[in-house]
Structure formats: structure tokens, C-alpha cells
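Biologist: Please take me on a close look at the inner spaces of this model, and then at the sheet and its helices.

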Amino acid sequence: MNRTSVLQFTAAMFIILIGATGSLVFGGSWETALIAIVAGVFALSIMIDRHPETAANVVRDPEPSLDLLDNPDFDGMMEGIIEPLLIVANERVVRANRTALRLLGSHIVGEDVRIALRHPAAAERLTHPGASTPGGSINLVGLGQREQRWEMRTASMSKGRIMVHLIDRTGSYAAERMRVDFVANASHELRTPLAAILGFIETLGDPKAGGDRETRDRFLKIMFDEARRMQRLVDDLMSLSRIEAEKYQLPDTPVDLAELIGEVEKIFHERHGKRGMDVVCEIESGLPPVNGDQAQLSQLLHNLVSNSVKYGRPDTPIVVRLTHGSGAMVKLTVTDESEGIDPDHLPRLTERFYRVDSGRSRAMGGTGLGLAIVKHIVERHRGRMDISSIVGKGTNITIHLPPADSANHPAALSSN
């Protein structure tokens, strides 16, 4: 019964008693007083019937509040978050969405949170929440896969419960590490020839050493070679930067690969001496053009053939084949006879500055960016590149490119 109803009822009963008492005081009989009381009660009952909501309030108790975790929509809200989400109460996991169960195991619900997460920093935060900055994030390594990195955020809930949100930071960490490694490698690659050039300039500044013509000519040649190496490295870095900037721009100009391969073959025959004459082309007839950037595809061919020229055995053929591939794809293959590459190195060949033999690569003028450039060109053209090698026999690089008539239909393409 609410406060207004109690006051109304009390006032009505008071008026009935006053009426009955007044009737007796002024000479009325007890029958008259009884009639007054009965009439008042009857009037009061009519008033209550005419206000059923008031009567309901008199007998109805307020409903108990519903706990948030018992709300039928709560599980749906948790599943709407694609990242791992847990609810912790009394240092135990009481709820977890499907993503969290896949990451940590289906057994974690009801488990001690220190066992469920198995990470010292996470256990400290969740068992002593008052000891850390509220809402502050901590970084976790090793949840799920060994190298996987997570950011854990927590939020306080009612009844001492804690909401735990895990955000996967593996990709951003890898990208940052790649950037740092790239800058460090590029600096190292530039520093080495620059130090050589500065050293020889200092030596030539000595009247005794610089006055000897034979010594001067030898040093100048080394300086020239180192300067050319720096120039190639800068050119490759700029080329890689341009290709990455255009990565999402699909080329739309038809390019005749057969004609382009013929031009590259002619250049190697004319400019690479006897070894350049080992380049042999085999082109299947009736091949469609590909949608592409002609300058980039020419660079792709030059990089692949140059690698075979450098690392293939002398007087062995370097075969460039262009054939029909699987489906509607055009298949380009460059094969050489060389020492081959150990299988452990194959997955990393397209990484920037990765070399199987650093000393040999630098001696031959390699920058360590050739296959990285090839990989990005292939990706821009929505193609696929496969590398296979047999130690002691040779290496085979195969590239699949979509023809011009289907290059604008991503569903028809296949890429790594």
C-alpha cells in the first residue's frame, strides 16, 4: 500500500468514527450510530472498487530486480562481440563468448581465472583489481599460439564482477616489427657501401697513396662499384614503394606477355655477354593478353631472369616458358640449373633483404629486394607465385596471371 492510499483510508475511517460519536453525543440512539458506521464502510468499499489500481497497489509487492547475467539478451550481446569476452566473478570465469571458448578452451567456464588464462599479468589484474589503474590495458603474449599477442582490457561490473575484453594485436605488432626491421636493414645495406666509399676517399687524400696511379685506379673502380650498388638499392626501394602504393589499383591495360618476353630475351642477349645468350624462350601460341602494367611486368621478368643468370651454373640454359595454365590463367615459368635452394629457405625468399647466402649475393650486386618486388607485382596483378627447388639440380619459379577478359572479376582469380 502506497503512502497516498494509507492517508485516504485513515481519513475515511476517522470521519466515520466522528460521525458515529457525534450521533451519540447529540442524543442519537446506538442504532443511529451503527447505521452511520455501516454507511461509511459501504461508501469506502465503493471508493476502493472505483479505483482498482489503488487496491492493487495495496496488496501487490514490487517485483525483484533482474540480474544482468540472467537477462535473456545478455548471451546474445556477448556473442555480438567478435573478440574474446569473459565475465569473471569471485576469481572464476562465469561467462564466455564462443570466440573466448575457441581461444582458451571450452572448459574455462567455472574455472579459476588464473588457470583459464595462464598468464601472470592477467592473473594479477583479475585477482587484485584494485592494485592497478582502472580500465588500463595490459599486453599478453602466448595466449592461443606462442607468438600471438593480445591486449587485455577490463571493466568493473555490479556485485564485484569484472568484464574481460581481449583484443588481438598480433597483426599490428608484426607490421611494426616489419617496419623497424625494414628501416634497420635498409640502413645497413646503405651504410656498408657508403663506409667503403668514404674510406677510399680518405685513402686517396693521402698524397703517397693517391699519387700512385695503379692504386688510384683500383680504388676508384671499387668506389664506382659501391656507388652503383647504392644506386641499385635506392632504385629498388623506390620501385618497391611505388608498387606497394598502387597495390589496390588493378591494372586495366592489355599487355602481350609473349611480345614482352621477346624484348627481355633480346636485352639479355645483347647486354649480358655469353651468359645472357643462355636465355631461351618457349612461348605457346594462342595465348590471351593479360591486364597489366607493362613496366612492372617487364621489371618482374628482368628480376627473375637476372637471378637465374647470377646463380645458375655457367653454360646451362635459362628457360622462360609462357603457356596456358589451370583454368583461364596464363602461366609464366622461369627455370634454371643451379645449386638449388634448401626447403627451409623457400618460405622466406620473398621477404625484403632475405638472402640464402649474403656474401655471395652482395658480391654479385644483389640488393635482396628482387623477389620481394616480384611478389608485390604479382599481388597487384591478382596473380599467384610458386617457388620450387631441388638442391643440386635447380630452381623453378612459376607465376599465374589472369587473362585480360577476366582480370576484373575477382571471383575468377586465385592468389596467395
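**Cavity, pocket and sheet**

Modeller: Gladly! The largest cavity has a lining of 1 nonpolar, 2 polar and 2 charged residues, where Ala, Val, Leu, Ile, Met, Phe, Trp, Tyr, Cys and Pro count as nonpolar, Asp, Glu, Lys and Arg as charged, and the others, Gly among them, as polar. Keep in mind that this is a predicted model, in which local features need pLDDT of at least 70 and side-chain atom pairs count only at pLDDT 80 or more, while totals for chains, interfaces and linings use all residues. Residues are numbered from 1 along each chain as its sequence is written, and side-chain values use heavy atoms, with hydrogens and water left out.

The lining residues are Glu189, Arg229, Leu233, Gly366 and Thr367. The volume of the largest cavity is about 30 Å³, and the structure holds 1 cavity of 30 Å³ or more. On a 1 Å grid over the protein atoms alone, a cavity is a set of points where a 1.4 Å probe fits but cannot get out; a pocket is an open set with protein on both sides within 12 Å along at least five of seven lines, and lining residues have an atom within 4 Å of a point. Grid points are joined across faces, edges and corners, and a volume is the space filled by probe spheres set on the points.

Next comes the second largest pocket, with a volume of about 700 Å³. Its lining has 25 residues, and Ala174, Met178, Asp181, Glu351 and Arg352 lie nearest the centre. By class, these lining residues are 6 nonpolar, 5 polar and 14 charged. Helix α8 (170-204) gives the most, with 9 residues; α8, α14 (358-363) and α15 each supply at least two. Helices (H or I, at least four residues) and strands (E, at least two) are DSSP runs, numbered from the N terminus.

Helix α15 (residues 370-380) also lies across β11 and β12, at about 145° to β11. Here axes are lines fitted to C-alpha atoms, for helices over the stretch in contact, and angles run from 0 to 180 degrees between N-to-C directions; contact means heavy atoms within 4.5 Å.

Those strands belong to an open sheet of 5 strands with mixed pairing, in the order β7-β9-β10-β12-β11. Its edge strands, β7 (279-283) and β11 (384-390), each pair on one side only; two strands pair if DSSP finds at least two bridges between them. Within the sheet, β9 (residues 318-324) and β10 (residues 330-336) run antiparallel, joined by 6 bridges, and Arg321 stands opposite Thr333 in β10. Helix α11 (residues 257-271) packs on this sheet, touching β7, β9, β10 and β12 (394-401), with its direction at about 165° to that of β7.
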